[in-house]
2 protein chains.
Amino acid sequence: MKRTVGVIGGEGKMGSWLRRFFASAGCPTLSADRHTSISPHDLVERCDVLILSVPIKAAVHLAREIGPLLRPDQLLTDVCSLKRDIVSTMQGSTKAQVVGMHPLFGPATASIQGQNVILCPIRPSDGFAWLRQILEAQGAVVTVTDPETHDRTMAVVQALTHWMTITLAAVLNRQLDIDSIERFATPVFRLQLGLIGRLLHQDPELYDMLIAHNPEGDRMIETFLVEGEKLRRAFVHRQEGTTVLTQMQADVGQRFQAEMERLEAILDRGLAPLQPSSDTASRVREDS
Amino acid sequence: MKRTVGVIGGEGKMGSWLRRFFASAGCPTLSADRHTSISPHDLVERCDVLILSVPIKAAVHLAREIGPLLRPDQLLTDVCSLKRDIVSTMQGSTKAQVVGMHPLFGPATASIQGQNVILCPIRPSDGFAWLRQILEAQGAVVTVTDPETHDRTMAVVQALTHWMTITLAAVLNRQLDIDSIERFATPVFRLQLGLIGRLLHQDPELYDMLIAHNPEGDRMIETFLVEGEKLRRAFVHRQEGTTVLTQMQADVGQRFQAEMERLEAILDRGLAPLQPSSDTASRVREDS
């Protein structure tokens with residue numbers, strides 16, 4: 001069980017998180033990064049498990065470089081937000097066991113308990129069984145799927161919703177007095193403003209990648225524009241809003257009950273005046 | 001200061017909230033509703049302040065009915081989510097003092113501390129000064145504006161964002177396996193699922209009114225569709241996503257810092273597994 005884990009990009013935010021995670025599970029960990037004396041090639045020599053924790057282009061490049069050096073008993077995995085390219089590159093470049101992994105949370109997460117992790121294994125292997133067991137033992141909700149299903153789902157979960165947030169920011173910026181908008185905000189709209197602020201605080205290249213490089217991102221955005229235009233006509237022009245909503249209640253029904261209850265609890269807490277702890281404020285600055 | 005407050009619709013959720021609020025400020029309150037022995041006309045006789053806490057069509061009807069009966073020393077106000085029609089109707093039907101009011105929060109709110117309230121007074125009056133003072137004394141953030149500015153802003157804050165949520169639900173329902181979507185959710189997407197669940201749990205007529213009856217709702221939705229199509233082309237077709245985001249960072253900049261910090265704190269708490277209290281669960285059911 002105590003496999004040695006080598007993290008390429010192990011000094012970055014997600015890389016540090018991964019090292020802490022596997023260390024807490026009792027695994028020795030090693031890190032290779034730009035300023036470490038240890039190189040990716042050293043990790044190939046010394047580790048049972050190799051994790052690529054770098055941006056997707058670098059991950060694809062590294063998979064091609066170190067893949068051929070790995071043995072069949074080693075495990076090669078990654079943490080990229082899109083899986084199709086990296087998984088097929090890993091598969092094509094190595095005889096090692098291959099699992100694509102997407103932890104659906106950021107490096108500020110204290111505990112993996114209750115967090116979603118997607119795994120895309122190439123085939124059943126002891127490396128895959130080990131990784132899944134480590135994640136589930138610490139409380140992660142592991143879902144196994146193929147890279148295409150993953151990327152199509154992320155086209156909504158990430159590409160579409162981030163595009164929505166950016167577009168809302170553009171409308172606000174054009175149409176309203178943006179300096180006074182907070183005084184007109186409902187608790188729900190405060191969440192929207194928070195999403196805008198958060199997105200614009202982070203690396204533009206990351207969000208560009210999530211939107212533009214998702215193979216199905218464009219199709220999902222187009223679908224939103226088409227459905228949105230239909231709904232606009234139904235509500236505003238045909239006065240069918242109540243009918244549309246009643247039909248949608250029937251279709252989508254009582255789903256998302258847990259998420260709704262979570263949101264209601266959040267809105268209740270959010271209603272209190274904002275008193276950010278100094279911890280939160282400093283963490284936000286550090287992340288951005 | 002201790003004016004008697006009469007709430008028409010005072011047995012409803014928001015009406016009950018208003019009675020508790022004014023009672024806690026030391027004002028005697030009276031309620032007229034469908035099943036009370038007291039009628040709106042009794043309130044006109046016995047109250048210094050009349051609040052219309054009923055859906056907008058009923059509020060317009062009531063303003064026409066009781067407006068002519070009020071004296072110039074009385075105050076007529078309402079809590080509708082759109083202000084243009086109700087304020088002009090109140091203005092046209094009475095010699096009493098008139099203030100349109102929009103509390104930007106729901107009846108589940110325990111304290112008004114830090115909450116936004118919009119006031120649209122017809123002209124300065126002692127009734128307006130009294131109302132503002134009562135709200136601010138208990139910690140509300142009061143903004144004074146005209147009905148047109150209010151409705152235009154709500155076209156984004158309410159009409160546009162609710163339309164976005166409904167459209168996202170439609171895309172999810174068409175494009176993905178909606179039963180497994182929670183296992184693919186990031187903390188941010190969990191908020192989106194919560195917004196969908198919450199909207200579909202509430203009265204379709206309320207949301208239809210907020211979207212379709214806002215005089216600028218259609219224009220804001222159309223603006224979103226146009227800006228969204230531009231952004232789609234910039235990100236996906238012209239590969240200019242990073243440039244667009246960098247420019248938007250420059251335009252919108254460090255705004256919404258407080259909202260972002262609030263959201264970060266929420267996401268941290270949201271990362272814990274959901275354990276809704278029985279209080280929350282029961283309140284949600286009651287509201288829906």
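Predicted model: local features only at pLDDT ≥ 70, side-chain atom pairs only at ≥ 80, totals over all residues.
Residues are numbered from 1 along each chain as its sequence is written, chains are lettered from A in the order in which they are written, and side-chain values use heavy atoms, leaving out hydrogens and water.

Domain 1 of chain A covers 5–145 and domain 2 covers 146–221, with bounds from an automatic or database domain assignment. About 1,100 Å² is buried between them, 72% of it from carbon and sulfur atoms (accessible area, 1.4 Å probe, that two parts lose on being put together, summed over both). On the domain 1 side, A:Leu82, A:Arg84 and A:Thr145 lose the most area to domain 2 of chain A, together 52% of what that side buries.

Now look at the aromatic rings. A:Trp17, A:Phe21, A:Phe22, A:Phe105 and A:Trp130 form one aromatic cluster (rings of Phe, Tyr and Trp, the last by its six-membered ring, pair if their centres lie within 6.5 Å; planes under 30 degrees apart count as stacked, over 60 as edge-to-face and the rest as tilted). The count over all chains is 13 aromatic pairs. The ring centres of A:Phe21 and A:Phe22 are 5.1 Å apart with planes at 85 degrees, so this pair is edge-to-face. In chain B, the rings of B:Phe22 and B:Trp130 have centres 5.9 Å apart and planes at 15 degrees, so they are stacked.
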